Amino acid sequence: MANTFLQLLCFAVMIPMIASVPLLYSQSMTQERAPHTLRVQMTALAAAVATWLMIAYPLIYLGPDRVLAWWLALARQAGQHSGMLLNAGVQMEFYLYAVVMFCGTLTDRVRCRGLLLFIPLWTLLVYCPVAYLLWNGHGWWAAQGALDFSGGLVVHLTAGVTSLIMAPRLTGRVNGLRAERGLAVPTICTFLILLGWFGFNLAPAGGQTALYGSIVLGTCLAVLGSIAGAALAWHGLHVGQTLDAIVLGLVTSTAGIGYVPPAVMFLITLAAGFLLNRWLTGWRTKLAEDPVDSFVMNGGGGMIGALGLIIWRGQGVFALVELGALVNVFAITAVGSWLALQVSRKVM
């Protein structure tokens, strides 16, 4: 019962977190282009929800032979399937966050109808195999001992690498992402993301109540560590940089939040905040087509979080397995995103 309540609570707090991302992106648009951004983001989310409920969830967690049984479960009252349906809803929110993050790179340069094709293709070619390999107990990397607590690899690295592949190939499309229209809405949206992230990080703990305190404290220290690292890199922060640092700390926490102590999480995110703001800011020039910094924030944060986990857990077999999983996720995402783009490019 306690586990069910936790899942419901996590599901509830993650809804405004996901909904706030399109609004946050629209605030970086010129006033004329903001409505188009919101339309495209909503279209992407609708396509993603349909794809998840119809095919993605059963493929990842039930198996191809259970797809029909899953459809029948959706057509009936919850009853004996309530636990599975709740789990499907929570897992869907992880997936939706990946979609909405990389769509920030694309929204001012694609048509809504293009995403109706790209999102299902991306899901089948990228998210399904990656989530199966790492989050299904029968997945190969999971069986080898690879760890990814709440999506540093499955959610954030896939979103970041997708932006890395897509953005340069959409160069020349209309791009209105340059106007800053005040900090009130971005601050509120970032607060909602922070609140929702407690659900994001707690949901995978399930019935492991001993982890709850460590995860909550580790999430708070992840934010503080990233802010401190960014402040060191910039020699002080303005409000916008602080908001970015909050999100970066949350992203970086996800790979190892359930596996490392809170103090270690502070050090990992301190490093991420410093490195991604000091050494890797050149990416923002090279990837000017990625105006929401999805690759730096999601890809960079996901990779540093995984590398921090490797350093904490020590060398040897685990380090090789975790590093292999990271490289494999990068490769699957790069190839799958490129293929999905080639197929759907004519309608995008």
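Helix 4 is largely enclosed by the rest of the structure, since 20 of its 25 residues are buried. This is a predicted model, and in it helix 4 takes in residues 82-106. From the first C-alpha to the last, helix 4 reaches 36 Å, close to the 36 Å expected at 1.5 Å a residue. One of its residues, phenylalanine 102, is buried, and cysteine 103 is too, with a relative accessible area of 0%.

Sorted by class, the lining of the second largest pocket holds 13 nonpolar, five polar and one charged residues.

Next come the aromatics. Searching the whole structure turns up 16 aromatic pairs. One of them joins phenylalanine 102 to phenylalanine 118 in an edge-to-face arrangement, with 6.1 Å centre to centre and 80° between the planes. Because phenylalanine 102 lies in helix 4 and phenylalanine 118 in helix 5, this pair ties together parts that are 16 residues apart in sequence. Both phenylalanine 102 and phenylalanine 118 are buried.

Tryptophan 122 and tyrosine 127 make another pair: their ring centres sit 6.1 Å apart and their planes meet at 40°, so this pair is tilted. The cut-offs put edge-to-face at over 60 degrees and stacked at under 30. Tryptophan 122 counts as buried, as its relative accessibility is 0%; tyrosine 127, at 0% relative accessibility, counts as buried as well.

With the sulfur atoms required to lie within 2.5 Å, the count comes to zero disulfides. Cysteine 103 is buried, its relative accessible area being 0%, whereas cysteine 220 counts as partly exposed because its relative accessibility is 33%, which falls between the 20% limit for buried and the 50% limit for exposed.

Terms used
Residues are numbered from 1 along each chain as its sequence is written. This is a predicted model: local features need pLDDT of at least 70, side-chain atom pairs count only at pLDDT 80 or more; totals for chains, interfaces and linings use all residues. Side-chain values use heavy atoms; hydrogens and water are left out. Helices (H or I, at least four residues) and strands (E, at least two) are DSSP runs, numbered from the N terminus. The expected span of a helix is 1.5 Å times one less than its number of residues. Buried means under 20% relative accessible area, exposed over 50%, partly exposed in between (1.4 Å probe, protein chains only). Ala, Val, Leu, Ile, Met, Phe, Trp, Tyr, Cys and Pro count as nonpolar, Asp, Glu, Lys and Arg as charged, and the others, Gly among them, as polar. Rings of Phe, Tyr and Trp (its six-membered ring) pair if their centres lie within 6.5 Å; planes under 30 degrees apart count as stacked, over 60 as edge-to-face and the rest as tilted.
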